[in-house]
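Notebook open, model loaded. I want to go through the fold and then the ligands, one at a time.

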Amino acid sequence: MKRIIAPSLFALLAALALPAQADSYRLPKNAVFEEECSSCHIAFPPQMLHADSWRAMMGDLSRHFGSDASIDEKHRVAITDFLVANAGGRKTGDTRDAQGKPLLRITETARFAKKHREISAATWKRPSIKSPANCAACHPLAAAGEYSDHSAVSPK
Ligand code: HEC
Ligand code: HEC
């Protein structure tokens with residue numbers, strides 16, 4: 001018995017000893033999404049919200065956080081399908097508010113708050129940052145979906 005168990009136990013311990021794997025937010029390729037959803041801000045990773053949030057957002061693009069982001073119906077449907085197909089994941093966590101309504105902002109999710117809990121209110125307000133949604137201010141490779149701790153910087 002020992003001989004069979006030992007190697008697998010070793011493999012398990014080795015796996016546990018590895019640093020937590022960096023979350024992958026790499027953007028799945030999609031030309032329509034890139035064209036329509038990265039002109040005003042970086043293309044946010046579909047993995048950071050669940051499908052119901054994306055559906056709610058894509059259902060009302062004319063009132064998109066104070067902007068009119070409406071697009072033609074064919075593109076709207078194609079982007080919704082793309083976002084839903086790539087939505088959420090094991091680590092996305094809860095993306096609903098206290099009333100159970102799907103959140104539209106990644107920056108309002110519990111996971112975002114947890115990952116950024118060490119950033120002070122004053123830092124968020126710096127002119128070089130302006131908004132927590134300005135991911136690229138601190139994650140220089142955000143447009144490519146790279147958000148790992150070691151690549152994050154705090155701008156002055
Ligand atoms: C006309 C400009 C414009 C276009 C086009 C646009 N957005 Fe936005 N979007 C905004 C603005 C403005 C905000 C709010 C930014 C802020 O709070 O700093 C925003 C915020 C967001 C947020 C929330 C960010 C957060 O706080 O977590 C998501 C998600 C988002 N947009 C997705 C999309 C998607 C998907 C598309 C393509 C269908 C899109 N946007 C196209 C202007 C736009
Ligand atoms: C004011 C600077 C700042 C802004 C703006 C910001 N972040 Fe971060 N983010 C950080 C820092 C610093 C860390 C590392 C935190 C730590 O190690 O405790 C981090 C960590 C993260 C992590 C965790 C990475 C990991 O390896 O666990 C994710 C995911 C992330 N940010 C996503 C985003 C997204 C998405 C946006 C925009 C919607 C954003 N961040 C906006 C500074 C920022």
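**Entry 1: overall.** I started with burial: 28% of the 156 residues of the protein count as buried (under 20% relative accessible area; exposed is over 50%, partly exposed in between, with a 1.4 Å probe and protein chains only). This is a predicted model, so local features need pLDDT of at least 70 and side-chain atom pairs count only at pLDDT 80 or more, while totals for chains, interfaces and linings use all residues. Residues are numbered from 1 along each chain as its sequence is written, chains are lettered from A and ligands numbered from 1 in the order in which they are written, and side-chain values use heavy atoms, with hydrogens and water left out.

Next I looked up the secondary structure: six helices and zero strands, which read along the sequence as α-α-α-α-α-α. Helices here are DSSP runs of H or I with at least four residues, strands are E runs of at least two, and numbering goes from the N terminus.

**Entry 2: iron of ligand 1.** Which residues coordinate the iron atom of ligand 1? I found His 41 and His 64, both through NE2, at 2.0 Å. Donors are N, O and S atoms within 2.8 Å of the metal (3.2 Å for Na, K and Ca), and water is not among the atoms, so sites may look incomplete. The six donor atoms subtend angles of 87 to 179 degrees, so I noted the arrangement as octahedral (six donors, opposite ones over 155 degrees apart and all others between 65 and 115). His 41 sits in the loop between helix H2 (31-37) and helix H3 (51-58), and His 64 in the loop between H3 and helix H4 (73-85), so the pair ties together parts that are 23 residues apart in sequence.

**Entry 3: shell of ligand 1.** I get 20 residues around ligand 1, the closest being Cys 37, Cys 40, His 41, His 64 and Thr 107 (a residue is near if one of its heavy atoms lies within 4 Å). Then I went through polar contacts, meaning pairs of N or O atoms within 3.5 Å. Oxygen atoms of ligand 1 have a polar side-chain atom of Arg 105 at 2.7 Å, a backbone N or O atom of Ile 106 at 2.8 Å and a polar side-chain atom of Thr 107 at 2.6 Å. H2 and H3 are the elements that give two or more residues to this shell; H3 gives the most, with three.

**Entry 4: ligand 2.** The iron atom of ligand 2 is coordinated by NE2 of His 116 and NE2 of His 139, at 1.9 to 2.0 Å. Its six donor atoms subtend angles of 87 to 179 degrees, which makes this arrangement octahedral. His 116 is in the loop between helix H5 (110-115) and helix H6 (121-124) and His 139 in the segment after H6, so this pair ties together parts 23 residues apart in sequence. Are these two buried or exposed? His 116 counts as buried at 17% relative accessibility, and His 139 does at 12%.

For the surroundings I get 19 residues, with Lys 115, His 116, Cys 135, Cys 138 and His 139 the closest to ligand 2. A polar side-chain atom of Lys 115 lies 3.0 Å from an oxygen atom of ligand 2, and a backbone N or O atom of Asp 149 lies 3.3 Å from an oxygen atom of ligand 2.

Terms used
Tetrahedral: all angles 85-135°; square planar, octahedral: opposite > 155°, others 65-115°. Polar contact = N/O pair within 3.5 Å; in protein donor to acceptor, adjacent residues only side chain to side chain.
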